[in-house]
Amino acid sequence: MSQPQQPGNWSDPSWPSYQSPAGYPATDQQPTGYGVPGQPPAGYPATGYPPAGYAAPGYLYPPPAPMPMNGRAIAALVLGVLGVLGLCGYLVPGLIGIVGALLGHSARRQIRTAAEQGRPEQGDGMALAGMITGWIAFGLGLAGAVLVTVAIAASISQG
């Protein structure tokens with residue numbers, strides 16, 4: 001009669017020796033796990049470090065470092081959205097919007113220049129969105145200011 005396999009796959013002398021699952025060759029050695037202190041994984045030298053150019057099974061190389069984000073692109077998007085959201089103030093959000101649009105143009109030029117010099121940056125889409133929302137805020141703010149000015153002029157001339 002066989003005793004049940006020990007849970008957790010850790011060694012305890014009171015449990016029976018390791019039995020290979022069906023279909024695998026039997027071995028009299030306990031399996032070595034990757035997290036066992038003091039024991040390097042299978043295929044590693046005694047130092048515990050993999051040989052040069054070798055990735056241990058189950059281990060991945062670290063991911064590449066993310067590209068830096070362009071700060072002007074972030075500022076352009078924030079100012080463009082603030083300009084659109086604040087259109088109740090007529091001229092002031094339009095001025096905020098034009099600053100966002102100009103920052104967006106500057107950020108896209110800066111991103112292109114950085115890519116040509118071999119140090120790519122992220123943020124081209126954010127800069128474009130900042131330009132679009134900034135120009136929309138400026139246009140609507142300017143139109144609102146013109147309408148208010150015309151309405152004031154018309155009321156003065158009638159009075």
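**Helix packing in the chain**

Modeller: The chain has an accessible surface of about 11,200 Å², and 67% of this belongs to carbon and sulfur atoms; such areas come from the Shrake-Rupley method with a 1.4 Å probe, and for residues only the protein chains shown count as cover. The model is a predicted one, in which local features need pLDDT of at least 70 and side-chain atom pairs count only at pLDDT 80 or more, while totals for chains, interfaces and linings use all residues. Residues are numbered from 1 along each chain as its sequence is written, and side-chain values use heavy atoms, with hydrogens and water left out.

The chain holds three helices and zero strands, in the order α-α-α from the N terminus. These elements are DSSP runs numbered from the N terminus, helices being H or I with at least four residues and strands E with at least two. Of the 159 residues, 18% count as buried, where buried stands for under 20% relative accessible area, exposed for over 50% and partly exposed for what lies in between (1.4 Å probe, protein chains only). Among contacts in the chain with a separation of 6 or more, 55% join residues 24 or more positions apart; a contact requires heavy atoms within 4.5 Å.

The part to examine is the pairing of helix 1 (residues 71-85) with helix 3 (residues 124-158), whose axes come within 7 Å and cross at roughly 30°. Each axis is a line fitted to C-alpha atoms, for helices over the stretch in contact, and angles between N-to-C directions run from 0 to 180 degrees. The two helices are therefore roughly parallel to each other; that class takes angles under 35 degrees, with over 145 roughly antiparallel, 65 to 115 roughly perpendicular and the rest oblique.

On the side of helix 1, the residues making the contact are Ala73, Ile74, Ala76, Leu77, Gly80, Val81, Gly83 and Val84, and on the side of helix 3 they are Met126, Ala127, Ala129, Gly130, Thr133, Gly134 and Ala137. By class, this contact has 10 nonpolar, five polar and no charged residues. Ala, Val, Leu, Ile, Met, Phe, Trp, Tyr, Cys and Pro are taken as nonpolar, Asp, Glu, Lys and Arg as charged, and the others, Gly among them, as polar.

Helix 2 (residues 91-116) contains glycine 104, which is buried at 0% relative accessible area. Leaving aside neighbours within four places in sequence, glycine 104 is in contact with Ala76, Ala127 and Met131. The C-alpha atoms of glycine 104 and methionine 131 are 4.9 Å apart, at a sequence separation of 27 residues. For isoleucine 132, the C-alpha distance to glycine 104 is 8.6 Å across 28 residues; isoleucine 132 lies in helix 3 and is partly exposed at 45% relative accessibility.

Glycine 94 is also placed in helix 2 and is buried, with a relative accessible area of 2%. Not counting residues up to four places away in sequence, glycine 94 touches Ala137, Phe138 and Gly141. Its C-alpha atom is separated by 7.1 Å from that of leucine 140, 46 residues away along the chain. In helix 1, alanine 75 is partly exposed at 28% relative accessibility, and its C-alpha atom is 7.0 Å from that of glycine 100, 25 residues apart along the chain.
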